[in-house]
Each structure stands twice: as C-alpha cells, then as structure tokens.
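Dear colleague,

Please find below the structure I promised to hand over, followed by my notes on what was found in it.

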Amino acid sequence: QAFDAGFGCFCNCHGKYQVNDDTISNKIFGGGSWLWFEFIGRVIGKCILEEIPFPPHPCMILLKHICGEPIELDDLHYVDYDLWRNLSALLSMSEEILASLDLTFDELVPDGCDLFVTSDNVEEYLHLRLKERALDICSDGLSALLAGLYSVVPFEYFLLLSANELELTLCGVPKVSVDDWREHTVYAGEFSERGHDHQVVQ
C-alpha cells in the first residue's frame with residue numbers, strides 16, 4: 001500500500017519506484033511523511049537481513065542513493081525522460097543556440113536569474129539541475145527513508161554493493177529462465193531416473 005502512487009510516499013517510474021517530491025508527500029501527510037519513510041526504510045532493511053524478496057522495485061536513482069553511488073545525468077531518464085532528453089541536448093548545442101534559449105541559473109544559485117547558461121558553464125548547470133531533480137526535491141523523504149534503513153542495516157554494508165547488485169539482492173531476478181532452471185535442477189527420488197522428462201515435471 002505504501003508504494004501505491006495515490007498513497008503519497010512514492011511515484012511510479014515505468015514500473016519502478018522513486019521517493020515522491022517533498023511538496024506532494026508533505027501536503028498529503030501534513031508534514032508527517034517522514035514517519036512513513038523511516039518505517040519503510042526499516043522494512044527494506046528487514047527484508048535484506050532476512051532475505052525476504054521485496055516486490056516493489058526501487059528505481060536506479062533510489063538504489064544509487066542507498067549505496068552512496070554517484071548519480072549521473074543519464075540516470076535522470078529513469079524518473080523524468082523528457083527532462084533528461086532536453087538537458088542532454090544542451091551538451092551538443094553551439095554558443096549561439098544556447099544564448100537563444102535564454103536559460104539562467106534561476107533558483108539554482110543565489111542571483112541565478114542574472115546568470116545565463118553558456119558553453120563555459122553548461123556542465124555546472126546540468127550538475128545543478130540533476131541535483132535538484134534527483135535529490136533536492138525529495139531530500140526530506142529520502143533522508144528519513146535512509147535513516148530508517150541504516151538503523152537496521154549499516155551504511156557500510158551497502159558500500160560493498162553496486163546499485164544493480166542491491167536490486168538483485170533486494171528484489172531478485174526480474175525474469176526467471178525456465179531453460180536455465182531446468183538445466184540446473186537436481187532430481188531425486190522417483191524423479192531421478194527420468195528427470196525433466198517425468199510427466200509430473202512436464
């Protein structure tokens with residue numbers, strides 16, 4: 001239930017889940033959303049400790065936050081494809097085209113409305129926009145979730161895993177290969193003679 005989009009804690013990103021914007025979750029819970037996020041973090045930690053599969057798949061950005069893994073611009077497409085596409089396009093634009101867009105650092109740095117994006121500072125602009133979208137807008141909920149998680153499983157544990165390895169540990173393999181399963185199954189008892197040709201197995 002906590003991962004339902006209508007509940008308020010998480011948003012669905014192509015079948016995977018990212019922490020919702022603080023403005024949305026705080027509006028729904030009246031400022032008490034951190035209690036839910038902390039509780040969910042503890043549940044995730046318990047699933048890891050007891051090797052219980054966790055059906056809701058966290059999105060790659062959330063997994064990277066948990067592992068302390070750097071988040072890159074390409075990771076943005078997991079949560080906001082249009083923003084990722086538009087920001088990525090800035091890297092290949094000429095100085096003239098960038099100037100024609102009248103982009104500024106408004107709300108990204110002090111007095112940013114007077115600082116225009118140029119070829120010299122476009123990478124800094126992308127870094128700040130990425131930080132804003134992947135961290136700043138959900139920092140309260142994310143911090144509470146991580147606090148709950150790390151109270152059960154120490155942060156040092158996650159330093160040993162990549163984000164992909166954490167997803168595999170937490171959620172398991174998304175698709176089971178029946179052929180691989182059949183090839184590596186050890187049959188015993190009355191199944192040992194005929195193996196996967198046994199009518200029950202078929």
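Being four residues apart in helix 2 (residues 33–49), R42 and E38 are separated by about one helical turn; helices here are DSSP runs of H or I with at least four residues, and strands are runs of E with at least two, numbered from the N terminus. Their side chains meet in a salt bridge at 3.0 Å, N to O, the term meaning a side-chain nitrogen of Lys or Arg within 4 Å of a carboxyl oxygen of Asp or Glu. R42 is partly exposed, with a relative accessible area of 39% (buried is under 20%, exposed over 50%, partly exposed in between, with a 1.4 Å probe and protein chains only).

This is a predicted model, in which local features need pLDDT of at least 70 and side-chain atom pairs count only at pLDDT 80 or more, while totals for chains, interfaces and linings use all residues. Residues are numbered from 1 along each chain as its sequence is written, and side-chain values use heavy atoms, with hydrogens and water left out.

The structure holds eight salt bridges, including one between D80 and R133 at 3.5 Å, N to O. That pair links distant parts of the chain, 53 residues apart, with D80 in the loop between helix 3 and helix 4 and R133 in helix 6. D80 is partly exposed at 24% relative accessible area, whereas R133, at 19%, counts as buried.

Within helix 6, R129 and E132 lie three residues apart, about one turn of the helix, and their side chains form a salt bridge at 3.0 Å, N to O. E132 counts as partly exposed at 23% relative accessibility, while R129 is among the buried residues of helix 6.

Best regards
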